[in-house]
Number of protein chains: 2
Amino acid sequence: MTDSIIPAPAEPVLHNYFRSSTSYRVRIALALKGVAYAYEAYHLRKGEQRSERYLALNAQGLVPTLRWTDGHLYTQSLAIIEFLDETIPNPSLLPKDPAERARVRSLAQMIAIDIHPINNLRVLTELRRRFGADDAAVADWFRHWVDETFAALEHRLAVEPGTGLFCHGDHPSLADICLAAQVANNGRFGVEMAPYPTIQRIYDRCMTLPAFISAAPGNQPDAE
Amino acid sequence: MTDSIIPAPAEPVLHNYFRSSTSYRVRIALALKGVAYAYEAYHLRKGEQRSERYLALNAQGLVPTLRWTDGHLYTQSLAIIEFLDETIPNPSLLPKDPAERARVRSLAQMIAIDIHPINNLRVLTELRRRFGADDAAVADWFRHWVDETFAALEHRLAVEPGTGLFCHGDHPSLADICLAAQVANNGRFGVEMAPYPTIQRIYDRCMTLPAFISAAPGNQPDAE
């Protein structure tokens, strides 16, 4: 949290961008928890996340930021989702048992740490600027890091007994939230999903749930 | 966790590499918790993390992996540290209050998500291979991502009232673990620390603690 002099809002405000997959994660969690919120959009390609207005909310200039009903500002999508899970316990996004929690967190972090940050817009922009990477080189870079991790993720989900209808058991968790946002993002860079039938099966299952559908990039007010 | 047919060990086994900062994080947490463990080294520059033996422990081929006394394999440094904190509560590495927990996790994730994955050895290797980046270009890339996040981290730590002797209050937390491992790593790429006096102050404080010292890269059996 970050302290703020602005009074606590009547409803939470999500500062985000429709296409950002970290924003998508938080939208899914809010929808699963049944939390209504105000939607504030910042257009990343226009650099609105670097505006003075947004930097006052989030010194990193990265989306999303959640202003909660306590008036505090919460940043970093995984930290926000764990906060929501700790303050609104049902439906739970993590199992109760520490070993199972570690499994869910490790699956989530394979995506949230080992794929997404390397393929974020700001990194792809630096590849173009520093090394003259063109669209094809950028797309190949994106697919490389997805494939590196998805091969291991597919293996784990296929062989570990914890996997059920979702990444862990038969209810959506933090891991499914990260998985769904990543798979949705992959389509823009032509990632071939055929080698990942278990990931695809779980993604398809997620996309039958109203929370995942309503939170999807295409269903946001700023969608293009 | 990942299931395994190998019997539960009498003591935990940490599969890791002295210079890996994700390994360093887990070593600090184990030391703070007072856990004795066996040390198994994998030389990343020799590709030992890609050996059949290691891939059987960790399908991603990334260090660290912790085989716990329950026989399970735990991966992803942040998930491992939260597991340790949930199973060995004292000393706690996260506050009790959800808003404070969110603050500590968000500070940790600024480093663990927005810096480290982009500057990991495997990414730097791809910059060389794909774009012909030389030592100077690689070092400049490394410093760029540290500076992007450290500017915001310094601001948060300097202005937010939660900061104390450490990132949050007067005891080391998950955030300090990530901070210390990152600052230690920065030295190899010539990151200038003068703009970050609060980060430097907290790092210096961490390095007065035996747990941080004993876990440091230079004090491991495979140190070069």
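Visitor: Does α4(B) pass α7(B) in a left-handed or a right-handed crossing?

Guide: First, this is a predicted model, where local features need pLDDT of at least 70, side-chain atom pairs need 80 or more, and totals for chains, interfaces and linings use all residues. Residues are numbered from 1 along each chain as written, with chains lettered from A and ligands numbered from 1 in the order written. Left-handed means the near helix is turned anticlockwise from the far one by less than a right angle, and right-handed means clockwise. Here, the way α4(B) passes α7(B) is left-handed.

Visitor: How do α4(B) and α7(B) run relative to each other?

Guide: Helix α4 (residues 98-112) of chain B and helix α7 (residues 174-186) of chain B have axes (lines fitted to C-alpha atoms over the stretch in contact, with angles from 0 to 180 degrees between N-to-C directions) that come within 8 Å and cross at roughly 20 degrees. Angles under 35 degrees count as roughly parallel, so α4(B) and α7(B) are roughly parallel.

Visitor: Which residues of α7(B) does α4(B) meet?

Guide: Contact means C-beta atoms, placed from the backbone, within 7 Å. From α4(B) come V104(B), R105(B), L107(B), A108(B), I111(B) and A112(B). Their partners in α7(B) are L174(B), A175(B), C178(B), L179(B) and Q182(B).

Visitor: Which element gives the largest share of the side of chain B that touches chain A?

Guide: Altogether, 39 residues of chain B are in contact with 40 residues of chain A. Elements of chain B giving two or more residues include β4 (73-75), α3 (77-87) and α6 (135-159). The largest share, 10 residues, comes from α4(B).

How values were computed
Helix = DSSP H or I, 4+ residues; strand = E, 2+ residues; numbered from the N terminus. Parallel < 35°, antiparallel > 145°, perpendicular 65-115°, else oblique. Contact = placed C-beta atoms within 7 Å.
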